[in-house]
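Let's go through a structure together, one feature at a time.

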Amino acid sequence: MRKDFVEHVDKEWIMEKIGGHGGSYSYDRPDGIVRIGYIGSTGKMKIHFYNFLLFIRFLKRKIAERRLKNRR
């Protein structure tokens with residue numbers, strides 16, 4: 001593992017969805033958009049739904065950051 005590696009902020013949520021089924025996810029930045037590639041035997045539609053929820057979580061974080069920035 002790299003010394004400067006930082007886990008994604010949604011890792012716990014993703015691990016909850018993956019559970020013991022095995023799966024993969026990827027991201028570019030620790031606070032950026034994350035995408036689930038697969039979860040064991042889970043269907044594609046459910047994974048698309050999880051990715052949609054992750055996108056909503058990302059948008060909520062960005063909106064909260066802007067509101068906080070504008071208050072200063």
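**Reading the features**

Q: How many aromatic pairs does the count come to?
A: Three aromatic pairs turn up here, where rings of Phe, Tyr and Trp (its six-membered ring) pair if their centres lie within 6.5 Å, with planes under 30 degrees apart called stacked, over 60 edge-to-face and the rest tilted. As a general idea, a pair of aromatic rings is described by the distance of the centres and the angle of the planes. Take Trp13 and Tyr50: the ring centres are 5.9 Å apart and the planes sit at 85 degrees, so this pair is edge-to-face. It links distant parts of the chain, since Trp13 is in helix α1 (residues 11-18) and Tyr50 in helix α2, 37 residues apart. Helices here are DSSP runs (H or I, at least four residues), strands likewise (E, at least two), numbered from the N terminus.

Q: Before we go on, what kind of model is this, and how are residues numbered?
A: This is a predicted model, where local features need pLDDT of at least 70 and side-chain atom pairs count only at pLDDT 80 or more, while totals for chains, interfaces and linings use all residues. Residues are numbered from 1 along each chain as its sequence is written, and side-chain values use heavy atoms, with hydrogens and water left out.

Q: Are Trp13 and Tyr50 buried or exposed?
A: The cut-offs come first: buried means under 20% relative accessible area, exposed over 50%, and partly exposed in between (1.4 Å probe, protein chains only). Trp13 has 14% relative accessibility and counts as buried; Tyr50, at 12%, counts as buried too. Over the chain, buried residues make up 21% of the 72 residues.

Q: What about the overall fold: which elements are there, and in what order?
A: The chain has two helices and two strands, and from the N terminus on they run α-β-β-α. The radius of gyration is 14 Å, well over the 11 Å that the globule rule gives for 72 residues, so the chain is more spread out than a compact globule. That radius is taken over C-alpha atoms, and the globule rule is 2.2 Å times the number of residues to the power 0.38. Along the principal axes, the C-alpha atoms fill a box of roughly 45 × 35 × 15 Å.

Q: How do I read the salt bridges, and how many does the structure hold?
A: In general, side chains of opposite charge can pair when their charged atoms come close. The cut-off is a side-chain nitrogen of Lys or Arg within 4 Å of a carboxyl oxygen of Asp or Glu, and the structure holds seven such bridges. One of them joins Lys11 to Glu7, with the closest N and O atoms 3.1 Å apart; Lys11 is partly exposed at 25%, and so is Glu7 at 45%. Another pairs Glu16 with Lys17 at 3.7 Å between the closest N and O atoms. There, Glu16 is exposed at 58% relative accessibility, while Lys17 is partly exposed at 25%.

Q: Which parts does the bridge between Asp31 and Lys62 tie together?
A: The side chains of Asp31 and Lys62 meet at 3.8 Å, N to O. Asp31 lies in the loop between β1 (23-27) and β2 (34-39) and Lys62 in helix α2 (residues 44-71), so the pair ties together parts that are 31 residues apart in sequence. Salt bridges that share partners join Arg29, Asp31, Lys62 and Glu65 into one network. Asp31 is partly exposed at 30%, as is Lys62 at 24%.

Q: Which residues form the nonpolar patch on the surface?
A: Patches are made of residues with over 30% relative accessible area and no salt bridge, joining like charges within 9 Å and nonpolar side chains (Val, Leu, Ile, Met, Phe, Trp, Tyr) within 5 Å. Here Ile33, Phe49, Phe52, Phe55, Ile56, Leu59 and Ile63 form the patch, with about 620 Å² of accessible area together; areas come from the Shrake-Rupley method with a 1.4 Å probe, and for residues only the protein chains shown count as cover. Phe55 is in helix α2 and partly exposed at 35%. Ile63 also lies in helix α2, partly exposed at 46%.

Q: With which residues is Tyr38 in contact, leaving aside its neighbours within four places in sequence?
A: Contact means heavy atoms within 4.5 Å, and for Tyr38, in strand β2, the partners are Gly22, Gly23, Ser24 and Ile47. Tyr38 is partly exposed, with a relative accessible area of 45%.
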